[in-house]
Amino acid sequence: MGIQNLSAPPRAQSAPADNPSRTRRHGGGITHDNTRHTTRFVVIGNHLVQHKELSLLAIGLSCHLQSLPAGAGADIKSLAARFPEGPTRIAAALRELEAHGYLRRERHRTQTGRIVTRTVSCNQPHASRREPADTGCPPAKRTPTPPRRPGPKALPAVPRPSSTAPALLQTALDLLADLRRRDARLLLSATDTAHLVPGVAAWLERGVAPSAVRHALTTGLPDEPLRRPAALLAHRLTDRLPPPPPFRTQSAVVPPPRHPLQNCEGCDRGFRAPETESHCRDCRAAVASLP
């Protein structure tokens, strides 16, 4: 009967999982035959493929999601049609990835009002899963929108003429363009001039001479610089608008009667006079001067 060797193990023992170096020392384990990828590849972090809490299905599914182009289908129905695991197992794997920060599902409203779910695959887990990101993880920093500056205030309204005759409007335009010669602060832009032309035309239409309009616009201006000269002129055109001229009816003028032509009985000269007169004016005067 042989003597039992108590120091020899009864069967071969595998290396513990937490000591892979023992397997490598004995010549076992994996080796790699790698070829460098130059096209159609995706970079996957070891923190994912060697994750200690994720299932093998969740790790493989995350690798697949990271390899998809933007816009590809990543919902449970599309993935179940692609892989044999079925919707139940795929849904569980998606929940694993979502719990560990490798996946986010966000709800967005389209321009038509429809609510859609967007799947965001993250190649790096991050702490906050609520902040939306469109192009990568962690979410890109958004450039703050500069405050919108208020636009210039609109010019006050000006009176409108009843006539738009070209000659009337041209006179008003020339008057406004000439104001800068009297005061350099009244240099107007083309837009401001076009706004003020109807107001000046309304004054001219009311019988006000161009010199009087010019005097009303340029007299008594403040001494300080004019920030908005066009607004000041628009206010004066409205505030100082004179009343329309009084309405005058054309009196009916009765033309003098046209008497028939006849010959004077005294000098035989032709003249016009009522038929009751037989002598011309000169002969009547000569007869009246006789004693």
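**Close-up 1. Packing of helices α8 and α10 in the predicted model.** The axes of helix α8 (residues 190-205) and helix α10 (residues 229-239) approach within 10 Å and cross at roughly 20°. Angles under 35 degrees count as roughly parallel, and the two helices α8 and α10 are therefore roughly parallel to each other. The crossing of α8 past α10 is left-handed. On the α8 side, the contact involves Asp192, Leu196, Gly199, Val200 and Trp203, while α10 contributes Ala230, Leu233, Ala234, Arg236 and Leu237. Classified by residue type, this contact of α8 with α10 comprises seven nonpolar, one polar and two charged residues.

Close-up 2. Apart from neighbours within four places in sequence, the residues in contact with Leu217 are Leu175, Leu179, Leu233, Arg236 and Leu237. Among these, Leu233, Arg236 and Leu237 also take part in the contact of α10 with α8. Val200 lies 17 residues from Leu217 along the chain, and the C-alpha atoms of the two residues are 9.8 Å apart.

**Close-up 3. Hairpin formed by strands β1 and β2.** Strand β1 (residues 103-109) and strand β2 (residues 115-121) run antiparallel and are joined by seven bridges. Within this pairing, Arg107 of β1 is positioned opposite Thr117 in β2. Five residues lie between the two strands of the hairpin, and Gly113 in the turn adopts a positive phi of about 95°.

Technical notes
Residues are numbered from 1 along each chain as its sequence is written. This is a predicted model: local features need pLDDT of at least 70, side-chain atom pairs count only at pLDDT 80 or more; totals for chains, interfaces and linings use all residues. Side-chain values use heavy atoms; hydrogens and water are left out. Two strands pair if DSSP finds at least two bridges between them. Helices (H or I, at least four residues) and strands (E, at least two) are DSSP runs, numbered from the N terminus. Contact means heavy atoms within 4.5 Å. Axes are lines fitted to C-alpha atoms, for helices over the stretch in contact, and angles run from 0 to 180 degrees between N-to-C directions. Angles under 35 degrees count as roughly parallel, over 145 as roughly antiparallel, 65 to 115 as roughly perpendicular and the rest as oblique. A crossing is left-handed if the near helix is turned anticlockwise from the far one by less than a right angle, and right-handed if clockwise. Ala, Val, Leu, Ile, Met, Phe, Trp, Tyr, Cys and Pro count as nonpolar, Asp, Glu, Lys and Arg as charged, and the others, Gly among them, as polar.
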